[in-house]
Amino acid sequence: MALARDSAGALWVAQAASLWQWDGARLARVALPAGSAAPIHSLWADPRGGIEVTSAHGTWATGGAAGAHFRPLGARSVLRSADGVLWQQQGAALLRQEAGAALPWTLQPAPGTAPGPVVIRQALEDRNGDLWWVSEQHGVWWLSARWRQFTALPATADSGSGTGSHYVLGLAASGMHHAWVAGSRGHLQRLDLRTGRGRDVLRFPHAGVSALPVGVAEDAQGRVWVASADRLLRHDPQRRSQREWGLGLGTDQGPVHLQICANGDVWLAHPGAIQRWSTDGKRLHSAAPQQVGLRQDVLLRQLLCTRDGEIWATDPQGVMRWSVARERFEPVPGDGDGTVSAIAEADDGTLWVSRLGSLEQYRLAQGRLHRERRVGAAEGYPQLRANALVVGADGVAWAGAARGVLRVDPHAGEVGVLDTAQGVPVQEVLPQRLLRLGSGALVAGVREGGLLAFDPRALRAPATVPVLVLDAMSRRRHGRVIQVPIAAPPVILGTGDRHVRVAVNLLGRGDPDRIQYHFRLLGHDPAWVDTGPVAQRLFTRLPAGEHSLLVKARHAGGPWSAVRQLTLRVVPRWWETTTGRIALAAAICAALMGGARLHYRRQRRRAQRRQARARRLRAEQDSMQRTRFLAELGRQVRTPLTPVLGWSELLLQSPLSGVQREQVGSLQQAGHHLLQLMDDALDLAGIESGRLRLHPAPFVLVEVMRELHALLLPVARRKALLLHWTSTLPAGACFHGDVQRLRQILLNLLGNALKFTAHGQVSLSARTGPEDRGLVLCVSDTGPGMSQAQVRGLFQRFSQVEASDPAAHPGGSGLGLAISRDLAHAMGGRLNVDSQRGRGTQLQLTLPWPALAPAAAPPAPRRAASASVPSRPLRVMVLLPATEPDAVEVVCALLRSQGHRVVAVENADAWVRDVDPGPWDLIAADPDMLVAGGRLSARLPWLWPGVRRVAFTPRADACAERDARAGGFDGFLRLPVTGARLAAAVAGA
């Protein structure tokens, strides 16, 4: 099946044995002319009208004004191009019917393809005028619409047109239409560019198969000079004579560049030498490049003789000028940076210089180069190095490089690349092989072999307007890129869309890097925005409203495409509309009012918090001051209490009368009462300040109850009361808690019960809490009980329950129960009371202490030795402050009463200086005592190492024992001391 559309727009469909035409509604069958036979091979549209059909036996035209006429198969027509040329296939040849002549067109199969001739089955002309050929077995062929503008002379060795060699090694202009061509086969030809035919003039020495250039130049007398393989040849066409000289290079390898100046001097450049010869073949100068100011090891070097007689050379240092006076090449001020690979002179005397990625034009004035223009990447010049350069008569610079021929128009500021995309049949121009003939035509030696020739004046830009299409559109919303359909304008966007990208595409062939795109957003862009080869425009955001985006594009130097318009409608968000702004303003006002109220409330709360913080800080400071005051007061009280309690205890151990014993006992009881008051006050201060420290440890509850029973039993017996304890806990039940604080609470509760109970009993019971969790201790008595008003004020500080007989129940501090409740709360428990008038009182202590296995209980403490009979008399050193001689004397007396040998140190400083080595069994000292400028606790270990130490201190704070233990003391006693406590401390040290 084949399809074609004629010049009138009608669609034609061909099957193997039938032909159909679409009339706009249906396919109508077209009758075949007489003599035609199936099958139909192809059909194509004739630009003059109608369809050309080809079958197995002939061709005919149908649909035209003359009707269908069958022609027997001879030369099969395959296409009539828009310029009227008829292309036919006849046998293995492709014919071009033009101006009444049939011109053959050779199609050479590519290497590796099927053998046999190239048979074209169908042809097509696209919108750009390019011709496409579909062969039966050799693929698709393409012919540029600009094929008439370029001539490629092949490297043929026959008598036809061509160079006769694969590579062109050297070129020189000869007259208006001729060029001297030195080929890689060692032949020098004079080639007529009008016919493409040439004749061999001479053979020159050539070192192997290489594409490196040889020197070729024609002098003013029409003689041609050739420099190659260490030889210099001169051929005179008029006299038909030839001369040859040796260059003396010592090698036949390496490229040579030859230049003949206006004065007749012949200059040549070789990688190993720079030489100057006279017209009669005399070598005037020869030197290595580095000896004449040039860099050595430069493979390709070009020389240029300008019209004013200056000699120039290319070099990595830049463009170099020959100094006649110094006979060397020197850099010229004003030259740019970078290696110069080619140089050419324009008709106006300016110099064009080729560097990597740029062409530069200079004018020499007053010994200095002045750069007039630079054509680089900003102007569209590709990033390459051109090694061949020539300037046309119109001032346009032409550069030969690996990507083809570059055209730089300094007047229009345009840069064009002539490559295969523009119809150039070859790609790479060889270095130093680009010249301009007298007619203005350009000739270049190419890497593919042969020559490329074209007339710059005949080059025409393609007249076909390129087609620009809108390719794609995207936007970014909420962090995601979303594609936007553009098939049905207007395109709907939102003001919340960011990074709106519009991408377009210019159809047709051409270098993508040479396409030029212009965008313009009406109402926002004052002029066209040139994005160069970037086929897209990015808008960060678009304002609300309807916008028109205009786009146009063109290939380099070609016509602009039709302007495409894209309508964009940007819809505002609700708060960007008038109604939304009013609602938003109202909401903002309401928010501001609410914020102001909230701010006022917050400021008021902040002020209240600041005031509360200040009150709390003042309360904490007051509590700390009170605690420090009580601690200092306790210290001051404990020191004088030491002789009161100590001497009273010792007096009670001596023979006294009944009245004396009663008087001493009253004194001792008053001292203990005062000490208890101080301890309660200190506990209360610690609780208030939050610095109460608990020391939980495993303990056996039964042992604590037995100890309390034994301690308080004498008191109960004196009042004829029954004191007993019971427990429903397992034998040896162990708990984890602060046993000292528990003992303090139970002593307070049992002491109050014994004090206020006149007859009956006082009991202590223990059981587990609800669901077998925790511990419950109850203290019950058969006392008078309390009313509800008394119960409500029971735990108030410094308050006491009124007793029926105040003389029988001396008052206390009013702190015991308050401290007991606070201690219970500090340990996570609670203390409750149940009492009624006449029925007694029950105080219940509940603690959330976990029960432990009996094995977790610590071993029972070793009972202290009797205060009066020590296990072994010890030699004891007493180091206490000399400012308290009464306390020192009573401590020594208590120790001596227990059988120890005691030495009281009166002058501690002298004692430390004159150390008595002992032996000593025990040292009783105040750890805070200052001796010889330092603390006593720090000096004792190295003065009497290995001797046990017991701390005696009047400090009442909770850190006193910890500091003493940290100072290395084995025992700790807080003044005042009793005989029993002293004996226990000595025994435990």
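In the predicted model, strand β22 (residues 224-228) and strand β23 (residues 231-236) pair in the antiparallel sense through five bridges. Within this pairing, S228 has R231 of β23 as its bridge partner. The two strands belong to an open sheet of four strands, arranged in the order β21-β22-β23-β24 with antiparallel pairing. The edges of the sheet are formed by β21 (215-218) and β24 (241-246); each has a single partner strand, so one side of each is left without a neighbour in the sheet. On average, and with direction ignored, neighbouring strands of this sheet are turned by 15° against each other. In a regular strand, side chains alternate between the two faces of the sheet.

Strand β19 (residues 187-192) contains D192. With a relative accessibility of 14%, D192 counts as buried, because the cut-off for this class is under 20% relative accessible area. When neighbours within four places in sequence are left aside, D192 is in contact with H177, H178 and R197.

A search of the whole structure for disulfides finds one. This disulfide joins C261 to C305, with an S to S distance of 1.9 Å. C261 lies in the loop between β25 (257-260) and β26 (266-270), while C305 is in strand β29 (residues 303-305), so the bond ties together parts that are 44 residues apart in sequence. A disulfide is a covalent bond between the sulfur atoms of two cysteines. Both cysteines are enclosed: C261 is buried at a relative accessible area of 10%, and C305 is buried at 12% relative accessibility. Buried cysteines also occur elsewhere in the chain, including C778, at 2% relative accessibility, and C892, also at 2%.

W267 is placed in strand β26. At 4% relative accessibility, this tryptophan counts as buried.

Helix α3 (residues 701-718) and α4 have axes that come within 11 Å and cross at roughly 35°. Their crossing is right-handed. On the α3 side, the contact is made by L701, V704, E707, L708, L711, L712, V715 and A716. On the α4 side, V739, L742, R743, L746, L747, L750 and L754 take part. An α-helix has 3.6 residues a turn, so residues three or four places apart point the same way.

Helix α4 (residues 739-756) also packs with α6, at an angle of about 145° and with the axes 10 Å apart. Here α4 passes α6 in a left-handed crossing. The residues of α4 that meet α6 are R741, Q744, I745, N748, L749 and N752. Their counterparts in α6 are G816, L817, I819, S820, L823 and A824.

Helix α6 (residues 816-826) is mostly covered, with eight of its eleven residues buried. The buried residues are G816, L817, A818, I819, S820, D822, L823 and A824. Just after α6, G828 takes a positive phi of about 85°.

Strand β61 (residues 875-879) is largely enclosed by the rest of the structure, because four of its five residues are buried. Four bridges link β61 in the parallel sense to strand β62 (residues 901-904). In this pairing, R875 stands opposite R901 of β62. Together with helix α7 (residues 885-897), β61 and β62 make a right-handed β-α-β unit. Strand β61 is also joined by four bridges to strand β63 (residues 922-925), and these two strands run parallel. Here M877 has I923 of β63 as its bridge partner.

Technical notes
Residues numbered from 1 in each chain as written. Predicted model: local features only at pLDDT ≥ 70, side-chain atom pairs only at ≥ 80, totals over all residues. Heavy atoms only, no water. Buried < 20%, exposed > 50% of the residue type's maximum accessible area, 1.4 Å probe, protein only. Pairing = 2+ DSSP bridges. Right-handed = clockwise from strand over helix to strand, strands pointing away. Disulfide = S-S within 2.5 Å. Axes fitted to C-alpha atoms, helices over the stretch in contact; angles between N-to-C directions. Left-handed = near helix turned anticlockwise from the far one by under 90°. Contact = heavy atoms within 4.5 Å.
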